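Hi everyone, thanks for coming. I'd like to walk you through a structure that may be new to you, so let's bring it up on the screen.

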Amino acid sequence: MDFQVVVLAGGTSKNLTPLVSKEVPKPLLPVANRPVLYYVLHQLEQSNLKDLIVVVEGKDAALLVGGWISGTFVDRLHVEIAAVPEDIGSAGAIRAISHHLTANDILVVSGDLVSDVPPGAVAANHRRHDAVVTAMLCSVPISGPSESGSSGGKDKTKKPGRYNIIGLDPGKQFLLHIATGAEIEKDTRLQKRILRAVGEMEIRSDLMDAHMYAFKRSVLQEVLDRKDTLQSLKQDVLPYLVRSQLKSEALSNRIPRAEENGNEKVSSQNNQVMVSQILANASTPSFHDLCSVSHDGSAPIRKTHKCCAYIASSSSYCARLNSIQAFMDINRDVTGEADHLLSSISDHNNIVGPSTKLGTKTTVGPHCMLGEGSEMGDKCQVKRSVIGRHCRIGSHVKVVNSVVMNHVTIGDGCIIQGSVICSNVQLQERVVLKDCQVGAGFVVTAGSEYKGESLARKEK
Amino acid sequence: MDPRRSARTVSDPKVRQVGFFTQPPPPDRSISDPPRHHDPIQSSSPSSPPVNDHSPSGNSLSPVMIPPPRHHSDTLLRTALQATSPTTSFPYSARTVTVPQENDDVSSFSPGRRVVSGKSPSSFPGVKASSVPASELTTVSVVNLPPGISEKSGGAAVEVQNDQLARSKPLKEKTSKAERRALQEAQRAAKAAAKAEGSKAPAAASKVGPSANTKPSKAAKPPSQKNDGSQVAPSEKKGGDRAPEKDRKKDAPHPRMQYDDASRVEKAKKRAVVKQTEARNRVELFRHLPQYEHGTQLPDLETKFFELNPMHPAVYKVGLQYLSGDICGGNARCIAMLQAFKEAIKDYLTPPEKTLIRDLTARISSYVSFLIECRPLSISMGNAIKFLKSQIAKLPLSLSESEAKASLMLDIDRFINEKIILADKVIVKHAVTKIRDGDVLLTYGASSAVEMILLHAHELGKQFRVVVVDSRPKLEGQLLLRRLVRKGLSCTYTHVNAVSCIMHEVTRVFLGASSVLSNGTVYSRVGTACVAMVAHALHVPVLVCCEAYKFHERVQLDSICSNELGNPDAISKVSGREEISYLDGLVNSDNLQLLNLIYDATPSDYVSMVITDYGMVPPTSVPVIVREYRREHLWS
């Protein structure tokens with residue numbers, strides 16, 4: 001279908017410290033005991049997209065990610081890994097691999113997207129409207145502000161940054177306005193020109209940019225070439241394209257095509273014009289067309305391009321792993337309500353690995369996941385948590401709403417709530433953790449209590 | 001005889017170039033050389049200067065010259081092969097008698113060389129050349145041969161010749177029909193190449209003398225014509241065989257799928273690419289028409305975007321646009337479809353072990369069935385598809401893939417230009433004569449042809465007024481109105497409800513049509529019949545503008561048996577104003593059936609005139625056009 005897929009997997013994100021480290025870059029962060037990148041790749045594979053370019057920040061991370069992909073998806077996907085320097089932003093990453101892009105349209109997917117929205121839908125929408133960019137919008141995850149009672153207060157402050165203010169046309173097809181990131185804090189400015197052209201705009205703040213875009217390659221490359229300052233696709237490129245849709249500097253190819261025709265015979269050109277006119281008259285013109293045509297109905301005076309939106313249906317799941325809170329939520333959702341993302345589902349509501357050993361009177365509640373090779377002592381309670389492989393958990397341990405990664409040792413009598421415990425952590429006896437993040441390899445001494453802290457090996 | 005022989009000799013140098021020596025001698029040299037030692041040649045047959053020098057005919061008199069080659073070939077015969085025998089017979093007897101036979105023989109005789117040379121009667125001169133006195137040959141070899149070989153002179157050449165004959169002999173024995181055919185094809189290709197090359201050669205040859213220039217060309221022509229003839233004939237025959245078969249099939253109209261036949265619907269569902277949910281509440285009378293829950297197909301199709309591998313992106317896009325209603329209108333849909341097919345053909349590659357004709361036809365059929373699932377085809381599209389398929393079927397087998405693709409793409413362009421664009425222009429020209437100053441013209445919906453007529457009449461400075469009659473739910477008239485008003489026409493806009501009132505002041509009614517059937521029935525946007533009837537009742541002439549490619553031989557008496565059902569929601573809801581929902585809550589009740597018909601049939605009584613690209617005809621003459629048109633354009 002003439003689409004190329006670029007997966008922006010990222011590297012070691014600062015948002016996610018201490019969860020990510022040199023050993024575990026963000027794409028490999030386990031979500032329900034699978035690297036988060038798996039979900040994207042799996043989704044793409046399901047859609048029959050088997051030629052992918054995965055862009056990873058940093059050489060070491062690229063090596064790790066590449067190793068994992070080749071191990072997991074061998075014979076299933078044709079993946080090329082590109083390592084780009086860190087901190088060049090998503091736009092920079094695309095710039096770096098720009099010369100590999102040849103197809104007409106590019107599908108750019110963020111590697112931290114956990115979603116069941118078919119990429120084909122975005123692509124089809126893109127094609128149908130012949131758009132320059134199509135962004136996938138999804139409703140803000142349900143577990144957002146309302147339900148996150150148990151989550152740390154720290155994350156709440158970050159929350160507004162995750163959402164967008166999005167303006168749509170009445171038909172909900174075109175993006176008219178998008179404000180992301182820091183812009184949301186400021187007053188929102190709408191462009192009069194767009195508003196006048198459309199007549200009516202729907203402003204919504206309950207939609208989230210899922211960072212799955214279909215770009216027209218020529219335009220994307222041109223914009224990236226021309227505007228060096230554009231750093232991120234989401235915060236710079238997309239708003240730029242949306243802003244300039246009625247005075248397009250990014251050339252939609254209409255005008256050059258007309259010039260090409262000029263070289264041909266006059267008659268054939270006339271015919272071409274008539275053909276295009278018939279086609280244009282047949283369809284209900286979008287506001288772009290109306291705006292681009294001057295009032296006397298002669299040739300287009302302004303170049304326009306279309307920015308489309310694909311709004312995922314509310315029943316589909318869509319979330320981005322870009323904060324610790326999101327990490328917790330996704331882990332919970334994937335084992336819980338969105339468990340169709342995992343291909344293997346047991347009869348019970350929880351997934352217990354084949355070789356786990358449970359002590360007597362140990363209960364594993366619904367929406368839990370226990371990796372293989374883990375051992376649990378007596379009278380443990382696990383609720384709504386994910387526990388990785390080869391963990392050793394003593395007796396009288398309570399794990400609620402938490403994520404425990406691989407090779408973690410938890411002493412007797414620990415109580416863990418709403419926390420993330422990375423690999424190779426050692427929790428000695430009677431540790432109480434609430435809303436904490438424990439970095440890899442950290443040792444928590446016996447009897448200590450932490451609340452809402454982030455514990456990592458070096459700093460603390 | 002002379003010209004023919006000269007032709008051979010002409011081709012000789014080429015044969016040598018390619019057959020014997022891999023290193024191609026610079027053509028300039030070979031041709032510019034002759035003038036230097038030209039004296040002997042001029043005295044001899046004025047034919048083919050470059051050849052003469054290596055061939056024996058260079059000796060001078062061509063008639064005299066003939067025996068030696070024969071001797072030589074005789075010796076060859078004796079020494080090497082019996083295969084040569086037919087050749088020997090040629091120059092003298094056979095040649096004069098039957099040209100085609102000779103041609104055939106030659107082709108079978110030394111296929112290898114001919115393929116390369118591209119000029120058929122090549123085998124002889126080579127032999128002759130080798131037989132020539134050595135002295136002459138050496139001069140030639142300066143031109144053609146690398147020095148080493150030239151020193152060996154005749155002897156070596158003969159040996160080579162022998163080799164070739166030997167090689168050619170088994171070939172000859174084998175040649176089956178198929179091989180010969182392949183050979184001919186190859187020759188054809190080579191000839192095409194040679195022609196391109198030839199443009200250089202004659203130019204160079206002209207230096208030598210005008211006579212030389214003309215003769216080779218003359219000589220070269222007949223065989224080529226023969227070749228053409230022999231090749232074209234079978235393909236034509238095949239085409240002829242096929243066409244009647246097709247016609248026969250088409251004579252019995254394909255039974256349309258009746259959607260109230262449950263078992264057939266089940267089967268069709270299994271085949272379908274697009275998942276369709278059938279609407280529950282359907283009007284009894286229209287049960288036989290496909291009706292699906294609108295809005296269910298699009299998301300499903302979208303999710304499968306990458307999974308429909310065989311579907312070409314362009315076709316897919318057009319399908320989506322049909323489905324979502326982005327493209328409507330007969331001409332536009334047809335053009336969009338043809339352009340998508342053109343794209344698809346451009347990117348088409350024949351899979352190994354398949355023939356283009358069959359495979360491409362199947363491919364197009366699959367595209368078409370996909371498009372049908374998106375939205376039922378219009379009659380005009382059906383005609384366009386028939387045209388395309390017949391063009392594919394008519395492709396000569398000998399065409400290479402790229403040629404075939406190019407010719408098909410040309411055909412598609414031609415169809416769009418001639419049948420739609422030019423036809424529209426002609427219609428405009430005819431129709432404008434019917435518009436007089438002070439007229440009030442009424443049109444219904446938005447027809448591209450009518451729009452062009454109105455705009456053109458306005459450009460001509462005619463003073464008239466337009467009444468645009470429109471109807472819910474599509475309100476296409478508004479788009480037309482917008483364009484007309486923008487161009488400065490004075491318009492009145494009203495809905496079809498008011499047509500009986502406004503008709504009193506109207507002097508002419510111009511209507512577009514989706515199709516005109518052979519009993520004169522006009523099949524068009526729903527509401528057209530109503531407008532036409534009112535106009536008829538008030539004695540206002542009704543002119544239907546319809547391109548001839550939209551005509552169909554079908555006969556239809558009502559708009560029930562064949563029609564299209566639109567989205568029932570479209571009539572129960574007001575787009576853009578969600579708050580208006582008078583039928584809310586009733587839509588799902590069993591007592592309510594919504595009917596959104598797309599087309600209706602206007603009986604020919606109400607139509608005064610049909611304006612088509614063949615002129616203005618009364619509706620009773622439609623069958624004539626249908627008949628003639630078929631014969632002329634689609635099936636021949």
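**A quick tour of chain B**

Chain B exposes about 29000 Å², and carbon and sulfur atoms supply 57% of that. Please keep in mind that this is a predicted model.

Now, what is the chain built from? In chain B you'll find 28 helices and 11 strands. It has 636 residues, and 49% of them count as buried. If we take the contacts in chain B between residues at least 6 apart in sequence, 77% join residues at least 24 apart.

Let's look at one pair of helices. Helix α19 of chain B covers residues 330-346, and helix α22 of chain B covers residues 401-432. Their axes lie 9 Å apart, and the helices pack at an angle of about 165°. An angle over 145 degrees counts as roughly antiparallel, so that is how α19(B) and α22(B) run relative to each other. Their crossing is left-handed.

Who meets whom here? On the α19(B) side, the residues include B:C334, B:L338 and B:F341, while α22(B) brings, among them, B:L408, B:I412 and B:F415. Sorted by type, the residues of this contact are 11 nonpolar, two polar and five charged.

For my last stop, please find B:L480, in helix α24 of chain B, residues 476-486. Is B:L480 buried or exposed? Its relative accessibility is 0%, so B:L480 counts as buried. Leaving aside neighbours within four places in sequence, B:L480 is in contact with B:T443, B:G445, B:A446, B:E451 and B:V468. Take B:G445: B:L480 is 35 residues from it in sequence, yet the two C-alpha atoms are 7.9 Å apart in space.

That's my tour, thank you!

How values were computed
Residues numbered from 1 in each chain as written. Chains lettered and ligands numbered in written order. Predicted model: local features only at pLDDT ≥ 70, side-chain atom pairs only at ≥ 80, totals over all residues. Heavy atoms only, no water. Helix = DSSP H or I, 4+ residues; strand = E, 2+ residues; numbered from the N terminus. Buried < 20%, exposed > 50% of the residue type's maximum accessible area, 1.4 Å probe, protein only. Contact = heavy atoms within 4.5 Å. Areas by Shrake-Rupley, 256 points an atom, 1.4 Å probe, with all protein chains shown as cover. Axes fitted to C-alpha atoms, helices over the stretch in contact; angles between N-to-C directions. Parallel < 35°, antiparallel > 145°, perpendicular 65-115°, else oblique. Left-handed = near helix turned anticlockwise from the far one by under 90°. Nonpolar A, V, L, I, M, F, W, Y, C, P; charged D, E, K, R; others polar.
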